[in-house]
Amino acid sequence: MVDTRKLIVQGPETVSWRIILDPLMMVAGVRALMLQALQPTTMRGVWQNSDFLERPFDRLFTTADFVAVTAVGTPEQADQLGARVRAVHRRLRVHDPDTGRTHRVDDPELLLWVHCAEVSSYLEVVERGGLRLTPAERDRYFDKQRHTATYVGLHADEVPGSVAAMEDYFARARAELDLRVIPESRATLRFLLWPKVPRGLRLLAPLKPLWVPVGLMAYYTLPRWARDLYRALPEVPGVQPLVTAGLRLMWLLVAAVPPEVRGRVFKPETRALMADLHVRLARCGVRPRRNLTRVWRRAEATAPR
């Protein structure tokens with residue numbers, strides 16, 4: 001039997017495993033993008049350095065690939081991907097039309113905002129969707145993500161590693177990062193609520209209404225202060241219990257879809273990574289299963305509390 005740490009960055013026994021393999025990660029990823037878009041320099045960096053409007057899902061699925069590789073890939077794969085990401089970020093710049101200044105995309109302040117918006121969104125959505133975690137497990141999740149942040153160029157000791165530290169970070173960010181809605185933020189939110197179907201996926205256009213619950217639940221799981229900045233949808237009394245119930249229903253529906261069908265929306269390299277994960281699990285003594293959600297469920301049931 002091979003030690004999982006030699007073949008998998010984070011194994012089935014970790015809290016991260018249970019979160020990143022959750023069927024609600026699509027909603028969580030959309031929520032993360034909505035939150036990230038409230039930092040003007042970050043949002044302008046996306047618009048100025050990518051063809052976001054022409055290939056709108058690329059950012060979402062590229063992030064999904066990064067999350068997969070840095071959690072369930074091999075240590076070598078994670079190191080190589082991190083090196084590529086850092087090299088790309090070093091070359092990119094962001095122009096601020098309000099001040100005339102030019103910013104580096106790999107500015108640690110911007111990288112930290114993106115990281116914290118992502119990992120906090122994943123935990124918020126997946127927990128509301130039904131994953132039961134203790135306070136200690138939540139802290140362990142954020143602590144593990146400090147290492148993930150090093151792949152993009154951050155230092156682990158600069159990254160919040162507990163629930164309390166993450167709450168403190170967002171309190172500082174609201175005071176110091178000029179969080180607000182700019183035209184690019186508003187356009188991004190409109191897209192995430194009602195996306196433009198890419199040219200290559202026109203056959204899926206009739207299914208577009210199925211996206212509506214994803215966008216709505218992502219929006220209403222944002223912290224109230226973020227929704228107050230957007231003011232895009234009404235704050236209907238009683239909406240939060242409905243969102244929680246909707247997330248739990250969506251978990252059941254998505255989990256019922258065969259994993260090979262669910263996987264088709266992701267990038268080919270992500271699908272290949274997940275297929276190879278079964279092989280590596282077997283080498284580590286974990287019996288591979290067709291639906292890795294079941295492995296996650298077993299990990300949840302056996303994890304110490």
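This is a predicted model: local features need pLDDT of at least 70, side-chain atom pairs count only at pLDDT 80 or more; totals for chains, interfaces and linings use all residues.
The protein has 305 residues, of which 50% count as buried. Its secondary structure consists of 16 helices and two strands.

Helix α11 spans residues 212–220. The buried residues of this helix are Val214, Gly215, Met217, Ala218, Tyr219 and Tyr220. Their cover includes several other helices, namely α3 (25–36), α7 (108–128), α10 (183–193), α12 (224–230) and α13 (239–255).

Two packed helices are described by the angle between their axes and the distance between the axes. For α3 and α11, the angle is about 55° and the axes are 8 Å apart. The two helices are therefore oblique to each other, and their crossing is right-handed. On the α3 side, Met26, Val27, Val30, Arg31 and Met34 take part in the contact. These residues meet Val214, Gly215, Met217, Ala218 and Tyr219 of α11. By class, the contact of α3 with α11 comprises eight nonpolar residues, one polar residue and one charged residue.

Helix α10 also packs against α11, with axes that come within 8 Å and cross at roughly 130°. An angle over 145 degrees would count as roughly antiparallel; α10 and α11 are therefore oblique to each other. Leu189, Leu192 and Leu193 represent α10 in this contact, while α11 contributes Gly215, Leu216 and Tyr219. Five of the residues in the contact of α10 with α11 are nonpolar and one is polar, and none is charged. Gly215 and Tyr219 of α11 take part in the contact with α10, and both are also met by residues of α3.

Helix α3 has a further contact, with α7. The axes of α3 and α7 cross at roughly 140° and come within 8 Å. That angle makes α3 oblique to α7. The crossing of these two helices is right-handed. The α3 residues in the contact are Met25, Val27, Ala28, Gly29, Arg31, Ala32, Leu35 and Gln36. From α7, the contact involves Trp113, Val114, Ala117, Glu118, Ser120, Ser121, Tyr122, Glu124, Val125 and Val126. Eleven nonpolar, four polar and three charged residues make up the contact of α3 with α7. Val27 and Arg31 of α3 belong to this contact and also meet α11.

Thr70 is found in helix α5, which covers residues 58–72. The relative accessible area of Thr70 is 2%. Because the cut-off for a buried residue is under 20%, Thr70 counts as buried. The side chain of Thr70 reaches the backbone oxygen of Phe66 at 2.7 Å. When residues up to four places away in sequence are not counted, Thr70 touches Val9, Gln10, Ala78, Thr148 and Tyr151. Thr70 and Ile8 are 62 residues apart along the chain, and their C-alpha atoms are separated by 9.0 Å.

Asp106 is placed in the loop between β2 (102–104) and α7. With a relative accessibility of 17%, Asp106 counts as buried, because this value falls under the 20% cut-off. The side chain of Asp106 is joined to the side chain of Arg104 by a polar contact of 2.8 Å. Apart from neighbours within four places in sequence, Asp106 is in contact with His89, Arg90 and Leu111.

Note on methods
Residues are numbered from 1 along each chain as its sequence is written. Side-chain values use heavy atoms; hydrogens and water are left out. Helices (H or I, at least four residues) and strands (E, at least two) are DSSP runs, numbered from the N terminus. Buried means under 20% relative accessible area, exposed over 50%, partly exposed in between (1.4 Å probe, protein chains only). A polar contact is a pair of N or O atoms within 3.5 Å; within protein, one must be able to donate a hydrogen and the other to accept it, and residues adjacent in sequence count only if both atoms are side-chain atoms. Contact means heavy atoms within 4.5 Å. Axes are lines fitted to C-alpha atoms, for helices over the stretch in contact, and angles run from 0 to 180 degrees between N-to-C directions. Angles under 35 degrees count as roughly parallel, over 145 as roughly antiparallel, 65 to 115 as roughly perpendicular and the rest as oblique. A crossing is left-handed if the near helix is turned anticlockwise from the far one by less than a right angle, and right-handed if clockwise. Ala, Val, Leu, Ile, Met, Phe, Trp, Tyr, Cys and Pro count as nonpolar, Asp, Glu, Lys and Arg as charged, and the others, Gly among them, as polar.
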